[in-house]
Amino acid sequence: MQKPRKLIALMICLFSVVALAGNFGVVAHAENKTKYDIGTDTTFAPFEFEDVNGKFVGIDMDLLAAIAKDQNFEYTIKPLGFNAAVQALETNQVDGVIAGMSITDERKQKFDFSEPYFDSGVVMAVRKDNDTIKRYEDLKGQRVAVKTGTEGYTFAESIKAKYGFTTVPFDDSSQMYDEVKTGNSVACFDDYPVLAYGVTQNNGLKLVTDKEKGGSYGFAVNQGKNAELLEKFNAGLVNLRNSGEYDKIMSKYLGESGKGVAPVERSRWELISASLPALIKGMGNTLLYTLVSLLVAFLLGLVFGFMKVSHNKVFRGIATVFVDVFRGIPLIVLAFFIYFGIPQALDFKMPLFVAAVLTLSLNAGAYVTEIIRGGIQSIDPGQMEAARSLGLPYRTAMLKIILPQAVKIMIPSFINQLVITLKDTSILSVIGLVELTQSGKIIIARTFQSFDIWLVVAVMYLIVITVLTKISNRLEGRVRRG
């Protein structure tokens with residue numbers, strides 16, 4: 001039993017180092033009370049989006065920067081996506097959220113809002129070559145795309161029974177627009193400034209209705225918390241309005257006619273070239289999280305794999321529960337539970353790196369446990385019996401006789417798990433992990449060029465997975481020959 005104990009100690013040390021590294025930011029946050037973590041959306045132009053240099057810009061970003069300068073506080077932007085940002089605020093993972101967030105009575109029950117900084121409205125858009133849908137009555141029996149959490153979503157839900165259409169919700173504006181452009185839905189509802197800006201940026205849609213009266217956007221903090229931050233935001237907003245800086249920011253992105261930023265015309269190759277740095281960085285994050293998570297998963301698999309084949313019923317039971325739980329919970333649910341659920345229950349902040357590694361490691365660890373169990377049990381039991389009859393201790397027989405043969409059987413399954421875990425990182429974009437897939441989403445939100453970007457992302461995944469598979473196959477061949 002010495003081997004499992006050493007592995008457990010190594011795992012504890014590894015997680016301690018990772019957690020300590022991630023907590024440096026939390027400690028600094030606690031010591032410097034004028035620095036805040038602010039959650040935001042990733043695809044809500046012109047309020048927040050990433051420019052060609054990888055910097056988050058937009059009305060919300062410029063307002064926040066100007067207010068922070070005016071009120072002398074620092075902040076770190078956490079681009080999580082709207083739904084994840086709201087959950088992060090609710091669970092105290094961030095101090096505030098600015099994401100074109102409408103002030104509603106329902107949200108006021110959970111959050112404290114600033115004074116409104118923008119009065120929005122709702123408009124309907126269709127594909128630019130669609131001449132049949134011109135008013136709400138034309139939507140009867142049709143599908144209509146909406147983005148969750150927006151004024152457009154609320155408005156569409158309020159009239160769908162009257163006009164007889166069904167809504168299809170999406171988390172990203174760009175996905176909603178693609179739904180309409182592909183013809184799966186005939187129209188979409190969204191906040192007026194967002195849709196109007198998208199049309200000027202050649203998103204492939206056109207506006208067909210007048211603006212409906214909507215709500216106001218506000219900066220949000222958790223109810224009863226960060227009152228000082230809220231006061232600073234309100235005070236800074238007043239100063240920006242008085243100085244004329246507020247109007248300059250609005251004019252920069254909207255202008256008098258909603259065309260404050262001209263679209264950048266690029267060829268397909270120019271678009272791909274400009275997007276590659278962000279995509280390569282995203283792939284680097286994908287590989288980092290994959291390798292770290294697989295290392296931890298392998299250690300977990302060793303511990304619980306040995307427990308699975310142990311003669312001790314308690315150890316076998318613990319290992320069985322571990323495998324059943326983490327193999328049975330969908331990865332996205334596990335990610336939400338670890339990053340939002342646990343911190344809320346225990347009232348602490350969890351670094352995104354730790355949450356992502358834990359999610360991937362626990363999920364992959366359950367599968368690695370079964371790979372190791374299957375590999376060990378595939379070896380003829382007579383070999384262990386023969387080794388023990390010759391006087392070899394169980395530990396020595398396992399390490400010297402059984403495992404070397406089992407490893408050769410396990411390698412193909414390990415390779416397969418490597419590929420699965422690499423692709424699973426894309427799911428963690430729901431908690432704000434900016435890996436390759438999320439990098440593609442962010443670029444599409446700015447360029448509206450889905451085909452080109454997703455093609456590049458697919459090719460990058462294919463190249464990396466093929467290279468890793470070839471390397472692993474060569475390693476497998478050497479092990480088998482050895």
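## Two helices that cross: H2 and H9

Helix H2 and helix H9 cross in a right-handed manner. The contact draws on Ile-59, Asp-62, Leu-63 and Ala-66 from H2, together with Glu-245, Tyr-246, Ile-249, Met-250, Lys-252 and Tyr-253 from H9. Sorted by class, the residues joining H2 to H9 are seven nonpolar and three charged, with no polar residue. Please keep in mind as you look around that this is a predicted model.

How do the two axes meet? H2 spans residues 59–71 and H9 spans residues 245–253, and their axes come within 10 Å of each other, crossing at roughly 155°. Because angles over 145 degrees count as roughly antiparallel, H2 is roughly antiparallel to H9.

## How the chain is divided

The protein chain falls into domain 1 (33–117 + 219–254), domain 2 (118–216) and domain 3 (268–480).

Let us turn to domains 2 and 3. Taken over C-alpha atoms, the centres of domain 2 and domain 3 lie 40 Å apart. Where these domains touch, 10 residues of domain 2 are in contact with five residues of domain 3.

## What the UniProt record says

The unreviewed UniProt entry carries the annotation "domain: ABC transmembrane type-1" for residues 283–472. In the model, that stretch is 84% helix and 0% strand. Its end C-alpha atoms are 19 Å apart.

Residues 318–340 are 91% helix and 0% strand, with 26 Å between the end C-alpha atoms. Residues 352–376 are 100% helix and 0% strand, and here the end C-alpha atoms are 35 Å apart.

Helix H12 (residues 331–346) packs against helix H13 (residues 352–377) at an angle of about 140°, and their axes are 9 Å apart. H12 and H13 are therefore oblique to each other. The crossing of H12 past H13 is right-handed.

Which residues make this contact? On the H12 side they are Leu-331, Leu-334, Ala-335, Ile-338 and Tyr-339. On the H13 side they are Leu-352, Ala-355, Leu-358, Thr-359, Leu-360, Leu-362 and Asn-363. By class, the contact of H12 with H13 holds 10 nonpolar and two polar residues, and no charged ones.

## Two backbone details to look at

Most residues other than glycine have a negative phi, and most peptide bonds are trans.

Start at Pro-46, which sits in the loop between strand E1 (35–40) and strand E2 (49–50). The peptide bond leading from Ala-45 into Pro-46 is cis, and its omega is near 10°.

Next comes Asn-226, in the loop between strand E13 (220–222) and helix H8 (227–243).

Definitions and conventions:
Residues numbered from 1 in each chain as written. Predicted model: local features only at pLDDT ≥ 70, side-chain atom pairs only at ≥ 80, totals over all residues. Heavy atoms only, no water. Axes fitted to C-alpha atoms, helices over the stretch in contact; angles between N-to-C directions. Helix = DSSP H or I, 4+ residues; strand = E, 2+ residues; numbered from the N terminus. Parallel < 35°, antiparallel > 145°, perpendicular 65-115°, else oblique. Left-handed = near helix turned anticlockwise from the far one by under 90°. Contact = heavy atoms within 4.5 Å. Nonpolar A, V, L, I, M, F, W, Y, C, P; charged D, E, K, R; others polar. Domains from an automatic or database assignment. UniProt positions renumbered as here; feature names shortened; annotations may be inferred.
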